[in-house]
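Hello,

Here is the structure I said I would pass on. Please look through it first; my notes come after it.

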Amino acid sequence: MEERRLTALPETVEQYQAGFPLLTEEAVGNRTDLEEGELFTLEAPDGDFLGRGYIGKQNKGIGWILTKKENEQIDEQFISKKLMMAISRRGNLLASEETTAFRVFNGEGDGFGGILIDYYAGYYVLQFYSLGAYSFRQQFIDILTQTMDPAGIYEKKRFSDDQEKQQSDFVSGNEAPAPLPIKENGMNFAVYLDDGAMTGIFLDQRDVRKTLRDEWAAGSTVLNTFSYTGAFSTAAALGGAVSTVSVDAANRSREKTAEQFRLNEIDMDSQTILVDDVFSWFRKAASRQQTYDIVVLDPPSFARTKQTMFRAAKDYGRLVEDALELMEPGSLLIASTNHAGLPRWRFRRQVEQAFKAKDRRFRMEKQFSLPEDFLVNADYPEGDYLKVLAMRVL
Ligand code: SAH
């Protein structure tokens, strides 16, 4: 196939020479003639080769550069090499009986932006972030099928918002049971591979859940906000928490959280599951003067409910202030955000300012970023999106 030749504007040459993998609209002068999935070579104005990649429009870019070697082609052999490399890096996780769900291929972190692959107890879930990325679908599926003997394969098209949601995500092999039980550091979780964009567990919080269970939970009362399927509550209960309260606005969270407790044989009498808006619930709890030994904050980057609108980049401080109303000296705040557009230093400053506003002090106990299977591309730090602060209230 003829490759499209694109010329980078002079002011962008340096960033591409340094290895930046995202092709931006501005870098090539806002062209409108590029087609999804099309291969391109990027050149400097003087004709120097800068990289080769594919066109695929997703939120911040219009394509991904995949190689900086002029003689390297983007073909089945290239994809196979990237995939095999990614798999060999996860040897420990693939062999583990304690952990059977993790990320196998992390987009640009594993050398191919726009495509993620997660492993769930023998099944593979591919996520495509653009129509262009989706054009490599069959090659990824073929290589996985030939080399990994998958129990089954699923795919999520994260680029299409035409909600043809009746359509199944199942691709090949056997269909997974629903729920599919998986293990993470010995904990049990129920996942659903064919139930919309999310599977029931956020695999990037694995290290935080383990630390909560092993180091912090024993003997504590735990409040888990934006609790989704109650994964943090489960970890806390298994770590010996005396009680957990899970709060999420979605109705589904009640049944899904109860399911995780059952699966782990957790005593239901000490667990409370509330379907409520976190912000209005905080006001009710503060008026009751309720306090908790551990508070987990893990909101989405953006959220709107009937009552409230939340944007992590602006409103996280307010959330921390609300939480501090329910915390006494000695208690632990676990503040998490997955907002890629919020730099670590700014997030930390927001949280610190909230402590100041409430006239409280803290000791930083631990900080987390992405776990080892969520490989980050050193030339694309934006991919390092997870920020978790564990702060002891003094
Ligand atoms: N902490 C969870 C993941 C959170 S996903 C985990 O570790 O598994 C974000 C969740 O926030 C969703 O379940 C969504 O229903 C919930 N949510 C969004 N806005 C909310 C609000 N204002 N009040 C309560 N829950 C909210």
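Predicted model: local features only at pLDDT ≥ 70, side-chain atom pairs only at ≥ 80, totals over all residues.

Domains

Between domain 1 and domain 3, about 440 Å² of area is buried, with 60% of it coming from carbon and sulfur atoms. On the domain 1 side, the residues that lose the most area to domain 3 are Phe-20, Pro-21 and Lys-60, which together account for 61% of what that side buries.

Helices α2 and α5

Two packed helices are described by the angle between their axes and the distance between the axes. For helix α2 (residues 76-89) and helix α5 (residues 137-148), the axes come within 10 Å and cross at roughly 50 degrees. An angle of that kind is neither in the roughly parallel range, under 35 degrees, nor in the roughly perpendicular one, 65 to 115, so α2 is oblique to α5. The crossing of the two helices is right-handed.

From α2, the contact is made by Glu-76, Ile-79, Ser-80, Leu-83, Met-84 and Ile-87. From α5, the residues are Gln-139, Phe-140, Asp-142, Ile-143, Leu-144, Thr-147 and Met-148. Sorted by class, the contact of α2 with α5 contains eight nonpolar, three polar and two charged residues.

Regards

Technical notes:
Residues numbered from 1 in each chain as written. Heavy atoms only, no water. Axes fitted to C-alpha atoms, helices over the stretch in contact; angles between N-to-C directions. Helix = DSSP H or I, 4+ residues; strand = E, 2+ residues; numbered from the N terminus. Parallel < 35°, antiparallel > 145°, perpendicular 65-115°, else oblique. Left-handed = near helix turned anticlockwise from the far one by under 90°. Contact = heavy atoms within 4.5 Å. Nonpolar A, V, L, I, M, F, W, Y, C, P; charged D, E, K, R; others polar. Buried area = accessible area lost by both parts, 1.4 Å probe.
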